[in-house]
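The following note is intended for a colleague who has the model open alongside the text. Its points run from the whole chain to particular residues.

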Amino acid sequence: SSSSSSSFTQQSKMGNACCQILCDGAPHEDDTRKHLNMRQWETPMMDAPCENPFGCCLAMLFPCCFAYHLRVRALEGKMQEYTCCQSYICGGCTKACIPGQDSCPELCLCLEVSLCENLAISATRWYVQDQRQITTDPCDNRIIRFNNCMQILACLCQILAIFFREFRHLARLIELFADIVYCVVQACMQAQTHHELSLHPTPLDYGQTTVIVTTQPTSDKAPLLANQNDQPPSYNQ
């Protein structure tokens with residue numbers, strides 16, 4: 001009786017942890033911006049397709065090109081301020097490790113959005129948030145966390161399918177669903193950023209005093225994850 005009660009308690013704790021990961025919209029405990037009184041996005045990600053259907057369609061059909069366009073708009077065309085992922089992913093080491101960012105930022109940005117599309121999209125969103133002091137909507141956090149959990153689940157199922165043939169079809173089904181989720185989430189994220197930049201092209205267009213961030217802090221937010229496999233995994237027959 002005591003062992004079954006202990007097992008039930010452990011299962012309940014695991015269930016609560018999973019529910020908190022997927023349903024909790026609070027910012028991460030290490031997020032330095034969570035206690036600040038900042039402005040909200042003009043539209044949350046959930047409403048972005050309705051508020052900005054044109055931007056959402058462009059992001060869905062041409063995600064890399066649209067990510068390039070949004071980064072240039074976020075930088076207000078000042079490509080001399082460009083760094084890879086705006087230094088949010090690898091910090092200051094991006095300047096030392098990736099050549100050509102000063103001499104040819106357009107080419108570097110093209111490579112960034114093509115090879116690291118999900119990180120490029122997240123970096124632009126973080127940059128806009130920091131420059132304009134925009135806090136993340138709790139529903140946005142839930143959507144991003146759900147996408148990231150789906151990418152991790154798809155990866156785990158692909159690994160299991162390598163060793164257990166019975167997981168092959170399930171792995172491919174979950175991978176397809178994870179890809180669809182990512183396509184929708186990145187489109188909503190880019191449409192949200194595009195809507196914000198369209199209404200307020202610069203941080204000074206909000207009609208009130210704005211503290212403009214001039215440094216590139218490292219982000220405490222989780223980036224949008226994407227499935228990095230271009231081809232279906234080959235399993236043992």
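1. The accessible surface of the protein is about 13100 Å², and carbon and sulfur atoms account for 63% of it; such areas are from the Shrake-Rupley method with a 1.4 Å probe, and for residues only the protein chains shown count as cover. The model is predicted: local features need pLDDT of at least 70, side-chain atom pairs count only at pLDDT 80 or more, and totals for chains, interfaces and linings use all residues. Residues are numbered from 1 along each chain as its sequence is written, and side-chain values use heavy atoms, leaving out hydrogens and water.

2. The protein has nine helices and zero strands. Helices (H or I, at least four residues) and strands (E, at least two) are DSSP runs numbered from the N terminus. Of the 237 residues, 42% are buried, where buried means under 20% relative accessible area, exposed over 50%, and partly exposed in between (1.4 Å probe, protein chains only). Among contacts with a separation of 6 or more, 83% join residues 24 or more positions apart; a contact means heavy atoms within 4.5 Å.

3. The largest nonpolar core contains 37 residues, and M45, Y82, V128 and M189 have the most contacts inside it. Such a core is a set of buried Ala, Val, Leu, Ile, Met, Phe, Trp, Tyr and Cys residues joined through side-chain atoms within 4.5 Å. Two or more residues each come from α3, α4, α6 (105–115), α7 and α9, with α9 giving the most, eight residues. A second, separate core of seven residues includes M150, C157, A161 and I174. In soluble globular proteins, nonpolar side chains tend to be buried together.

4. Helix α3 (residues 53–61) has G55, C56 and A59 as its buried residues. Seen down the helix axis, these fall within an arc of 100° and therefore line one face of α3; the arc is that of the directions from the helix axis to the C-beta atoms. The buried residues of α3 pack against α2 (48–51), α4 (63–74) and α9 (168–199). On the other side of α3, F54 and L61 are exposed.

5. Where does the surface carry a nonpolar patch? I152, L156, I159, L160, I162, F163 and F164 form one, with about 660 Å² of accessible area together. Patches are made of residues with over 30% relative accessible area and no salt bridge, like charges being joined within 9 Å and nonpolar side chains (Val, Leu, Ile, Met, Phe, Trp, Tyr) within 5 Å. A salt bridge is a side-chain nitrogen of Lys or Arg within 4 Å of a carboxyl oxygen of Asp or Glu. F163 belongs to helix α8 (residues 138–163) and is exposed, at 63% relative accessible area.

6. Most residues other than glycine have a negative phi. S87, in the loop between α4 and α5 (93–97), has a positive phi near 65° and counts as buried at 8% relative accessibility. Q133, in the loop between α7 (117–132) and α8, has a positive phi near 55° and is partly exposed, with a relative accessible area of 25%.

7. C50 lies in helix α2 and is exposed, with 68% relative accessibility. C50 and C188 are 138 residues apart in sequence, and their C-alpha atoms are 9.8 Å apart in space.
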